[in-house]
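Let's take a friendly walk through a protein model together.

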Amino acid sequence: MSEKPLEQLERTSLNSRRSIDSILCPTSLSPASDEALRYAVGLARVYNAKLLLCYVSENPQELTPEQVNKFFIDSIGPYISETDRPWLKWEGFIVKGEPEEVIPDLAAKHNVDLIVMRSRRRPYAAMLLGSTTEAVCHRAPCPVLVTHRQERSWVNLDGEVQLKRVLVAYDFSKYSDLALSYGLSLAQEFQTELHLMNVCSDNSEISEDEKTKALTHLRELLPSEVSLWAKIVPVVASGKPYHQVLDYIKENQIDLVCMGAHGAGHTPWALFGSNVDRVLRQAICPILVAHFSEPEEK
């Protein structure tokens, strides 16, 4: 995450508010995976979005429509109240295939705006075989909000969203522009603090003059009206980006981190070992991963 002149980059518009009209939440129909539904239902309520539920089964043809409907009603039941039922628009899909393929494909087919899913946070050694969550983050045509069982939660059991501090890890790339646009939208919707962080990846100390220039660059990224509805906290640091981001999350009680990542067009496990991947595995809060889906280079 290093500094680059802003004028040399293709910018993503930050003035247009990101709408979330549809949310896809994969589930294994288990209490662990269904924890992600708290976030999906809470965000669907705030944005008045349609909720799509997805279960990947080896033999979906063996299930009757009545069984399918009951599966999904039982899944979302704990997170909705009687007053939610009239307005909550939802649809369930049971599909066959590999989750890392069918989830992004389903999101693309239905023009989904956000995927919300649970990460199992497997041991490091097992990660060498890859992760469904990481693969979906890599292939998805939209941002993926990743939750996990060790997190600091910001959606309570009633589905009330209590988001207070959003951190955008920014490296002056078009990928981090996209992450920033979603961070801005969420910060505006929930009136949060917005922390905007750039990390110079070399190990040398940043001079005061360089730091001042970098902070100015960060402030110039934001539309002028942002200060009307959010407290802006620009941050410049040096060192290993993922170390700095993880430390900042802990020290400042960050609720959500928005990060940009390279999308399709690289190896299936391109996230492995990257700053995004390391933050995904170690952060104590949910992570929103945003990227552009790009064709593979030949």
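## A histidine to begin with

Is His291 buried or exposed? His291 is buried, with a relative accessible area of 5%. Here buried means under 20% relative accessible area, exposed means over 50%, and partly exposed lies in between, using a 1.4 Å probe and protein chains only. You will find His291 in the segment after β10 (287-290). His291 and Ala261 are 30 residues apart in sequence, while their C-alpha atoms are 5.1 Å apart in space.

## How to read the model

This is a predicted model, in which local features need pLDDT of at least 70 and side-chain atom pairs count only at pLDDT 80 or more, while totals for chains, interfaces and linings use all residues. Residues are numbered from 1 along each chain as its sequence is written, and side-chain values use heavy atoms, with hydrogens and water left out.

## The whole chain

The secondary structure comes to nine helices and ten strands. Helices (H or I, at least four residues) and strands (E, at least two) are DSSP runs, numbered from the N terminus. Of the 298 residues of the chain, 51% count as buried.

Contacts tell us about the fold too; a contact means heavy atoms within 4.5 Å. Take the contacts between residues at least 6 apart in sequence: 83% of them join residues at least 24 apart.

## Helix α4 and its surroundings

Which residues of helix α4 (residues 99-109) are buried? They are Val102, Ile103, Pro104, Leu106 and Ala107. These buried residues pack against strands β1 (22-26), β2 (50-56), β3 (90-95) and β4 (114-119), and also against helix α5 (132-139). Just after α4, Asn111 takes a positive phi of about 50 degrees.

Now look at α4 and α5 as a pair. Their axes come within 9 Å and cross at roughly 35 degrees. The axes are lines fitted to C-alpha atoms, for helices over the stretch in contact, and angles run from 0 to 180 degrees between N-to-C directions. In the contact, Pro99, Glu100, Glu101, Ile103, Pro104 and Asp105 of α4 meet Thr132, Ala135, Val136 and Arg139 of α5. These residues divide into five nonpolar, one polar and four charged. In this sorting, Ala, Val, Leu, Ile, Met, Phe, Trp, Tyr, Cys and Pro count as nonpolar, Asp, Glu, Lys and Arg as charged, and the others, Gly among them, as polar.

Helix α8 (residues 241-251) packs with helix α9 (residues 275-282) at an angle of about 30 degrees, and their axes are 9 Å apart. The two helices are therefore roughly parallel to each other. Angles under 35 degrees count as roughly parallel, over 145 as roughly antiparallel, 65 to 115 as roughly perpendicular and the rest as oblique. The contact is made by Pro241, Tyr242, Val245 and Leu246 of α8 with Asn275, Arg278, Val279 and Gln282 of α9. By class, there are five nonpolar, two polar and one charged.

The axes of α2 and α6 come within 12 Å and cross at roughly 70 degrees, which makes α2 roughly perpendicular to α6. Leu43, Val46 and Tyr47 of α2 make this contact with Ser185, Leu186, Glu189 and Phe190 of α6.

## Loops worth a look

Asn48 sits in the loop between α2 (36-47) and β2. Asn48 has a positive phi of about 55 degrees, although it is not a glycine, and at 46% relative accessibility it counts as partly exposed. Gln191, in the loop between α6 (174-190) and β7 (193-200), also has a positive phi, near 55 degrees, and is a residue other than glycine.

Leu29 lies in the loop between β1 and α1 (31-34) and is partly exposed, at 25% relative accessible area. Leaving aside neighbours within four places in sequence, Leu29 is in contact with Asp34, Tyr55, Phe71, Phe72 and Ser75.

## Cysteines without a bridge

How many disulfides does a search of the whole structure find? The search finds zero, where a disulfide is a pair of cysteine sulfur atoms within 2.5 Å. The sulfur of Cys25 is 9.4 Å from the closest cysteine sulfur, in Cys54, which is too far for a bond. Cys25 is buried, at 0% relative accessibility, and Cys200 is buried at 11%.
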